[in-house]
Amino acid sequence: MALVFFRGAEKKRLNAINQSRSVPPKQVILGIESSCDDTAAAVIVDGMLKSSVVSSQLEHVAYGGVVPELASRAHERVIVPVVEEALRQAQILKSDLSGIAVTSGPGLIGSLLVGVSFTKAMAVGLGVPFIGINHLEGHLSSLYLGPNGPPSPHLSLIVSGGHTQLMKVTSPVTAELMGRTRDDAAGEAFDKVGKILGLDYPAGPVIDERAKKGDPTFHAFPRTRLQGYDWSFSGIKTSVLYFLNALSEKERESLLEQSLNDIAASFQEAVVDMLVAPVKKAMKETGIRHLGIVGGVSANTRLRTKLNDLVNSMDGHLYVPDLEYCMDNAAMIAMAGYQRMIQGESSPLTLTADPSLKLS
Ligand code: KG4
Ligand code: ZN
């Protein structure tokens, strides 16, 4: 692999950056994310985000979901330019890097391997430490990207296409699992129901937009409630399917044409109600009034409103990442890497990509 990416005019520009500096930066972390269908790189300098580049793969839209084989090929194609662009935007030289952080799991094995192998090679070439980051720890760290991160301890709801977990975060690098989904993730429910309704993938943002124009009381989809702080989202997808299958083809077509926004709003309301219930219980039982929401579904307008109402009613505070850091990105991986590296942590080069890595 060619580790020297810059040539000609670019080299001159980088020399100019080097000469214009009075003091070189101290902790410069490059973060890399390639666990699913986004190839991303970001730079954090002394805890401040300097650049964040995301290349999203559009080849999956036609299939209504991520095709793993296409995803790993696309990562391999774009990872070098994405990293180059993140360094360029941050005005950082490769020789400035103090370490490189990469998502090592969970995710699609082929996709993870591209990021992990690339990062190891780059770290060995530059002689800097590398650190494998759990993708979910990355999402939790997205809350520290802004100036006002949450205090410890706080509760954090991770809601994405692959995960739904409630964590008690005791420090920026330690967290305990309180609850999780037993089957589908909340984002998966949005995407599967979107497919049933004939919407584009990923359907979460589309349902969110349509729901704003719809009536959430149009149909009462059942809310599954489990013991403790766990969730189950597989039932709601089946309920939407049964609701539509009970109609003749003609009735179904006309309902989808006239009331798609109402169905979207009713479905979303049920998912949001289900998500909020264990969070409310956990806040009451632990007495922790500070709550974070992270992951793709944390972009959901209705979820944000309802959780905001909840924390306000408990005199607490809701922490949400900027919209661009809700979805998969490398800024959160660089931040998680920064938090660990300032504590002197790094990973051995024997660390491998783990598609089922647990957050411990
Ligand atoms: O965190 P993310 O980018 O990738 C995973 O790690 O899964 O999350 C993607 C998920 C998709 O399921 C997408 O439909 C959902 O987040 N999503 C939303 C919204 N924006 C993205 N779901 C509901 N409302 C939204 N506004
Ligand atoms: Zn994610």
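This tour moves through a predicted model, stop by stop, and names what to select at each one.

**Stop 1: a five-stranded sheet**

Begin by selecting strands β6, β7, β8, β9 and β10. These five strands form an open sheet in the order β8-β7-β6-β9-β10, and the pairing is mixed. Look next at the two ends of that order. Strands β8 (174-180) and β10 (317-319) are the edge strands; each has a single partner, so one side of each is left without a neighbour in the sheet. On average, neighbouring strands here are turned by 25° against each other, when direction is ignored.

Show the side chains of H290 and H317: H290 stands opposite H317, which belongs to β10.

**Stop 2: the helices on the sheet**

**Stop 3: how α8 meets α9**

Two packed helices are described by the angle between their axes and the distance between the axes. For α8 and α9, the axes come within 10 Å and cross at roughly 30°. Angles under 35 degrees count as roughly parallel, and α8 is therefore roughly parallel to α9. Their crossing is right-handed. To see the contact itself, select V272, V276 and V279, which are among the α8 residues that meet α9; on the α9 side, the residues include L303, L307 and L310.

**Stop 4: how α6 meets α8**

The axes of α6 and α8 come within 7 Å and cross at roughly 110°. What does this angle say about the two helices? Angles of 65 to 115 degrees count as roughly perpendicular, and α6 and α8 are therefore roughly perpendicular to each other. Here α6 passes α8 in a left-handed crossing. Select I207, D208, R210 and A211 in α6; these residues meet L260, N261, A264, A265, F267 and Q268 in α8.

**Stop 5: the largest nonpolar core**

Which residues have the most contacts inside the largest nonpolar core? They are F267, V279 and L307, in a core of 44 residues. At least two residues each come from β6, α5 (186-196), α7 (234-245), α8, β9 and α9. Helix α8 gives the most, with 14 residues. Centre the view on F267: beyond its neighbours up to four places away in sequence, F267 touches A189, F190, V193, I207, F221, I236 and V240. Apart from this core lies another, of 28 residues, among them A40, L145, V169 and A336.

Select α5 next. In this helix A186, G187, A189, F190, D191, V193 and G194 are buried. The elements that cover these buried residues include β6, β7, α6, α7 and α8. Just after α5, G198 takes a positive phi of about 80°.

**Stop 6: a hairpin**

Move to strands β2 (residues 38-45) and β3 (residues 48-56). They run antiparallel and are joined by eight bridges. As one example, A41 has V53 in β3 as its bridge partner. Two residues lie between the strands of this hairpin, and D46 takes a positive phi near 50°.

**Stop 7: two single residues**

Select S104, found in strand β4 (residues 99-105). Is S104 buried or exposed? Its relative accessibility is 5%, so S104 counts as buried. Leaving out residues up to four places away in sequence, its contacts include L112, V116, I133 and L351.

Finish with R225, in the loop between α6 and α7. R225 is partly exposed, with a relative accessible area of 41%. R225 and M274 are 49 residues apart in sequence, and their C-alpha atoms are 6.9 Å apart in space. Aside from neighbours within four places in sequence, R225 is in contact with D230, A277, P278 and K281.

Notes:
Residues are numbered from 1 along each chain as its sequence is written. Chains are lettered from A and ligands numbered from 1 in the order in which they are written. This is a predicted model: local features need pLDDT of at least 70, side-chain atom pairs count only at pLDDT 80 or more; totals for chains, interfaces and linings use all residues. Side-chain values use heavy atoms; hydrogens and water are left out. Two strands pair if DSSP finds at least two bridges between them. Helices (H or I, at least four residues) and strands (E, at least two) are DSSP runs, numbered from the N terminus. Axes are lines fitted to C-alpha atoms, for helices over the stretch in contact, and angles run from 0 to 180 degrees between N-to-C directions. A nonpolar core is a set of buried Ala, Val, Leu, Ile, Met, Phe, Trp, Tyr and Cys residues joined through side-chain atoms within 4.5 Å. Buried means under 20% relative accessible area, exposed over 50%, partly exposed in between (1.4 Å probe, protein chains only). Contact means heavy atoms within 4.5 Å. Angles under 35 degrees count as roughly parallel, over 145 as roughly antiparallel, 65 to 115 as roughly perpendicular and the rest as oblique. A crossing is left-handed if the near helix is turned anticlockwise from the far one by less than a right angle, and right-handed if clockwise.
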